[in-house]
Amino acid sequence: ISYIKINQILMANIDNKCKDLEVRDYFSENGYDHSKNSLEDLYSLQAKTQSMYFEKQGRKPFSEFNIGDVVDFLMVTNHAIIDELHEMMDAVGGIEDGKGNAAWKPWKSANLEIRNQKLSDLSPGDLKELKMEWVDVMHFVFNAGLAIGVSPKEFYNYYLSKNEENWNRQENNY
């Protein structure tokens, strides 16, 4: 088996390549080129935060990363995203009463009770904690985009173009 064949076997979703997907400039079409927008604000803030961290640690900036640096950074970022998702899972059932992780632990006696609740049943503090864990996930998702050079405009355009493609796939019995 050739290296290419092995790589194709190991690569997830090789039938879903998007390199030929037309990417519209939704960002400009929706007027974001001529005014500030929240996505760009958040993304830029994360870039500044990461730059500050790199500077404090004496590390080179994303713009100087080689592919090996990107791989190393994405490995740590992947672990961080998974860790934050685990924290979010622990918070999904609430943390104030100590039963929250029972939402995903079927062996806990509170499992069915917690699973049958609605998020609106959580205390305002627990709901805020849950949402803040999601924000932590997004910090690292943005870092992954920054590491590979995705701009806010590209993210916006790629996201909407890929979403449109996903809708087309569903409409065509994908």
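Predicted model: local features only at pLDDT ≥ 70, side-chain atom pairs only at ≥ 80, totals over all residues.
I started with Ser 161, which touches Leu 21, Glu 22, Val 23, Arg 24 and Tyr 26, leaving out residues up to four places away in sequence. Contact here means heavy atoms within 4.5 Å. Residues are numbered from 1 along each chain as its sequence is written, and side-chain values use heavy atoms, with hydrogens and water left out.

**Ser 161, continued.** I looked up where Ser 161 sits, and it lies in helix H7, residues 152-171. Helices are DSSP runs of H or I with at least four residues, numbered from the N terminus. Is Ser 161 buried or exposed? Ser 161 counts as buried because its relative accessibility is 2%. The cut-offs: buried is under 20% relative accessible area, exposed is over 50%, and partly exposed is in between (1.4 Å probe, protein chains only).

Next I checked Val 23, which is 138 residues from Ser 161 along the chain, yet their C-alpha atoms are separated by 5.3 Å. I also found a polar atom of the Ser 161 side chain 3.2 Å from the backbone nitrogen of Arg 24.

**Salt bridges.** How many salt bridges does the structure hold? I got four. The rule is a side-chain nitrogen of Lys or Arg within 4 Å of a carboxyl oxygen of Asp or Glu. As background, side chains of opposite charge can pair when their charged atoms come close.

Arg 24 turned up again here, in a salt bridge with Glu 29 whose closest N and O atoms are 2.6 Å apart. Arg 24 is partly exposed at 34% relative accessibility, and Glu 29 is partly exposed too, at 48%.

Then I looked at Asp 25 and Lys 153, a salt bridge with its closest N and O atoms 3.4 Å apart. This pair links distant parts of the chain, 128 residues apart: Asp 25 is in the loop between helix H1 (3-10) and helix H2 (26-29), while Lys 153 is in helix H7. Asp 25 is partly exposed at 28%, and Lys 153 is partly exposed at 30%.

Another one joins the side chains of Glu 165 and Arg 169, at 3.2 Å from N to O. Both lie in helix H7, four residues apart, or about one turn of the helix. Glu 165 is partly exposed at 22%, whereas Arg 169 is buried at 14%.

**Helix H3.** I moved on to Gln 50, which lies in helix H3, residues 38-57. Gln 50 is buried, with a relative accessible area of 7%. Skipping neighbours within four places in sequence, I found Gln 50 in contact with Phe 62, Phe 73 and Asn 143.

Which residues of H3 are buried? I listed Leu 39, Tyr 43, Gln 46, Gln 50 and Phe 54. Seen down the axis of H3, the buried residues fall within an arc of 75°, so they line one face of the helix. That arc is taken from the directions from the helix axis to the C-beta atoms. These buried residues pack against helix H4 (67-91), helix H6 (124-147) and H7. On the other side of H3, Ser 38, Leu 45, Lys 48, Glu 55 and Lys 56 are exposed.

Last entry: Gly 58 follows H3 and has a positive phi, near 70°.

Methods: Helix = DSSP H or I, 4+ residues; strand = E, 2+ residues; numbered from the N terminus. Polar contact = N/O pair within 3.5 Å; in protein donor to acceptor, adjacent residues only side chain to side chain.
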